[in-house]
Amino acid sequence: MKMKLPIGIDGFEKLRTNDFYYADKTLFIKELLQNWGEVNLFTRPRRFGKTLNMSTLKCFFEIGRDPALFDGLKIAQEKELCEKYMGKFPVISISLKSVDGRSFESASVALRTLIGDEARRFDCLRTSAKLSDDDKEAYAQLTEIGSTQGGFYTMTEDMAATSLKILSQILSKHYGQKVILLIDEYDVPLDKAFQGGYYDEMVSLICNLLGNTLKTNDSLYFAVLTGCLRISKESIFTGLNNLKVHTISDVRYDEYFGFTNEDVDELLEFYGLSSYKDVVRDWYDGYRFGNTDVYCPWDVINYCDELLAAPEAEPENYWANTSGNGLIRRLLKKANQSTRNEVEKLINGETILKSIRQELTYREVEDSIDNIWSVLYSTGYLTCCRRLHGKQMELALPNREVKELFFDLVKDWFEETTQADSARIGRFCAAFPAEDVATVQEMLHNYLWESISVRDTAVRRNMKENFYHGMLLGLLQSQDSWLVRSNAETGEGYSDISIQTPDRLGIVIEVKYADDGNLEAACAEALKQIEEKKYAQGLKQRGMKNIMKYGIAFCEKECMVVMAY
């Protein structure tokens, strides 16, 4: 029986002891030991293996772990290194992704709970002969749960700010060895706090926590932090001079987050899916970390799982659907015509040149469109094709998955902005039953000019038609008294758009994309399809007395509208 695909498995021990497939990234440990700083920060997009790598570090370094977990893996071949470091350190490991809440108070409780739970993992400290009474009392304060606190840890906020330093000092005394500290998703509390309106309070708490733990802590061997964004040093790393930052632009460690081409080839071959390599590359490749081309592991694993169940399965947006994608929405909301043209270029497979800041505060993200571009790069929505002098980068959408996400969000944005002008959209819709073809065409052309077009030669024709179809549908569905259907069965097929009005007027609309720019021929093809498929018959059967037929053709920002009875 083949190994299971590790969907949602980000714990190294669970993965290795339950027969899950593992793309061997253990040489990350060797690289880290050869090049580590006292405090190491790795920033990578979501779903690229940060948490699994942190779990791997914990299993390798922590005292009492089973060394057999690494049997057969690349790091096991480094005998001298394993003998010196494997299983030799107390390890504090926390993930801040659960530090959330509607208020600062609830988020603070979540942080204290997280730290208290980790401290209780070392229950041996309560009776340690190597600790003083003061040490044991300090440990008791970190782990005490009071009934008057509703079952929460009783540590105060001030105590929480020094908790990791206190715990590391106690562990170091007990084990006679300095501590390794792992903090995953360090930036999540700041993101949640910014959204929740308590950003300043959370910045202060995280700054104190990290400052106390990472600065002048003689009990610390080294620390590793991961996150999506590199938060400004002035924001939470004040006075921290021992920080080494490794972003997606850095060459070092580039192959240890995400799947390389070799990783994907091996996985596809293992499961007998090598024939899907081109599809997988088109949809999920395209990221570039340092000098390495990288796939999103979450996407590849999920699609392989679908293929094993149904070989005809189409690729889907897996990574893109794991986030609210608010940054792109904010970019479009702030966009002027110049920015919309840049988004259009990206959707059409072109590149844009931007000056990228890889160190920001969450508050600065909203200050300018340029900062939003920077965050879109850091979080994986854009990839660097070429670096120029200074901070200039040539950026592109990495793959088909992200491109389709932009398609969908642009359609949503277009619908939101057009719906805001109800009088204008009312005139546009009224022109259809009034047989005012000229107004329909002119207003549709104006809408296209203000929006974003699709001309990418790599995009299938039906996808382009779907893009414009969605925009037109959004405009027409603004009429509450109309029954507007998309791809509804009428006659001998499915018309793009069918409309039934209260006065029993039926409207059939067929949308075409003119790849060759011949709008007139595309309109004629649309009307011919309406006749051949007998789309009007379906509306007549639903009681419509009069039927109007519209063929509408698009090419980039140009359109043509033709009507027939």
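Trainee: How do β14 and β15 run, and how many bridges join them?
Mentor: Strand β14 (residues 546-555) and strand β15 (residues 558-564) run antiparallel, joined by 7 bridges. Two strands pair if DSSP finds at least two bridges between them. Helices (H or I, at least four residues) and strands (E, at least two) are DSSP runs, numbered from the N terminus.

Trainee: What should I know about the model itself?
Mentor: It is a predicted model: local features need pLDDT of at least 70, side-chain atom pairs count only at pLDDT 80 or more, and totals for chains, interfaces and linings use all residues. Residues are numbered from 1 along each chain as its sequence is written, and side-chain values use heavy atoms, with hydrogens and water left out.

Trainee: Back to β15. Which residue is the bridge partner of Gly551 there?
Mentor: Val562. β14 and β15 form a hairpin with 2 residues between them. In the turn, Glu556 has a positive phi of about 55°.

Trainee: Which residues are on the covered face of β15?
Mentor: Cys559, Val561 and Met563. The uncovered face has Glu558, Met560, Val562 and Ala564.

Trainee: Now β4. Why is it largely enclosed?
Mentor: Strand β4 (residues 220-227) has 7 of its 8 residues buried, so the rest of the structure largely encloses it. Buried means under 20% relative accessible area, exposed over 50%, partly exposed in between (1.4 Å probe, protein chains only).

Trainee: In which sense does β1 pair with β4?
Mentor: Parallel, over 5 bridges; β1 is residues 39-43. Val39 stands opposite Ala223. Strand β3 (residues 179-184) also runs parallel to β4, with 5 bridges. There, Val179 has Leu220 as its bridge partner.

Trainee: What is Ser168 in contact with, beyond its sequence neighbours?
Mentor: Leaving aside neighbours within four places in sequence, Ile92, Val179, Asn217 and Ser219. Contact means heavy atoms within 4.5 Å. Ser168 is in helix α7 (residues 157-175). At 2% relative accessibility, Ser168 counts as buried.

Trainee: Which side chain makes a polar contact with the Ser168 side chain?
Mentor: That of Asn217, at 3.2 Å. A polar contact is a pair of N or O atoms within 3.5 Å; within protein, one must be able to donate a hydrogen and the other to accept it, and residues adjacent in sequence count only if both atoms are side-chain atoms.

Trainee: Last one: which residues of α11 are buried?
Mentor: In helix α11 (residues 261-270), Asp263, Val264, Leu267 and Leu268. The buried residues pack against α12 (277-284) and α13 (297-309). Exposed Glu262 and Glu269 are on the face turned away from the buried side.
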